[in-house]
Amino acid sequence: MKLIKQLIALATVAIATSATAAAPAEAPDALVKRISADVIDTAKADKDIQAGNQKKVMDLVESKILPHVDFQRMTQLAVGRAWRDATPEQQKQLSNEFRTLLIFTYSGALSQIKNETVEFKPLRAAPEDKEVEVRSQVNVARGEPVTLNYRLAQSPTGWKIFDINVLGAWLVETYKGSFASEINKSGIDGLIKTLAERNKKLAAKPLAKPIK
């Protein structure tokens, strides 16, 4: 699970870039670039966020990130074939718990942002494409740039992120293995219970302090 946390922490820099509502006609890479500076600069400049103020970080996540992430599709892909066997209520519970899990992780990662910058690659997509992959890299103060790509799908309300690739590993695939293992062991309800218990533990813990 430590690997998952590390991947999501890096991916958050990109997820955070797809924040507020924009015109549906706006290109996905243009949307990401335009919002990126706003969210990352906010995290860098806000002393409360830098200090790990949980409420302020959670508010930033709720207002800037959630509207542009398709959590249901992300959950469906992570659960895999078992999604079709789940009841509508189980699907709802899975989506809600997975959403909450990612919120806590995103919040922790946002509080760690210091001097990172994001560099975008040219978009390789046709105008009529409904799903695209936006490629970028995160430039960090120490170490090599981190390759970061993410998939977006066009919806009636604009482009939404549904998967992210960090260092060659897709976020959905990273969770898919652990989800499948839990489902094989204790079924859909077991996975829901495991996610719920993990979220309770995360809710009781303060956000990590920024790395200096």
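Which helix holds both Tyr175 and Phe179, and how many residues apart are they? Both lie in helix H8, four residues apart, or about one turn of the helix. The notes below refer to a predicted model.

1. Core. The largest nonpolar core has 43 residues, and those with the most contacts inside it include Tyr175 and Phe179, along with Val79, Leu94 and Phe98. Helix H8 (residues 171-203) gives this core its largest share, ten residues.

2. H5 against H8. Helix H5 (residues 71-79) packs on H8 at an angle of about 75°, and the axes are 7 Å apart. H5 is therefore roughly perpendicular to H8, since angles of 65 to 115 degrees count as such. On the H5 side the contact involves Met74, Leu77, Ala78 and Val79; among their partners in H8 are Tyr175, Lys176, Phe179 and Ile188. By class, this contact has eleven nonpolar residues, one charged and no polar.

3. Aromatic pairs. The whole structure contains three aromatic pairs. In one of them, Phe98 and Phe179 have ring centres 5.4 Å apart and planes at 75°, so the pair is edge-to-face. Phe98 belongs to helix H7 (residues 88-110) and Phe179 to H8, so this pair ties together parts 81 residues apart in sequence. Tyr175 and Phe179 form a tilted pair, with 5.5 Å centre to centre and 45° between the planes.

4. Aromatic cluster. Phe98, Tyr175 and Phe179 make up one aromatic cluster. Tyr175 is buried at 1% relative accessible area, Phe179 is buried at 4%, and Phe98 is buried as well.

5. Val39. This residue sits in helix H2 (residues 28-45) and is buried, with a relative accessible area of 1%. Val39 and Lys64 are 25 residues apart in sequence, with 7.3 Å between their C-alpha atoms.

Key:
Residues numbered from 1 in each chain as written. Predicted model: local features only at pLDDT ≥ 70, side-chain atom pairs only at ≥ 80, totals over all residues. Heavy atoms only, no water. Core = buried A, V, L, I, M, F, W, Y, C linked by side-chain atoms within 4.5 Å. Buried < 20%, exposed > 50% of the residue type's maximum accessible area, 1.4 Å probe, protein only. Helix = DSSP H or I, 4+ residues; strand = E, 2+ residues; numbered from the N terminus. Axes fitted to C-alpha atoms, helices over the stretch in contact; angles between N-to-C directions. Parallel < 35°, antiparallel > 145°, perpendicular 65-115°, else oblique. Contact = heavy atoms within 4.5 Å. Nonpolar A, V, L, I, M, F, W, Y, C, P; charged D, E, K, R; others polar. Phe/Tyr/Trp six-rings, centres within 6.5 Å; stacked < 30°, edge-to-face > 60°.
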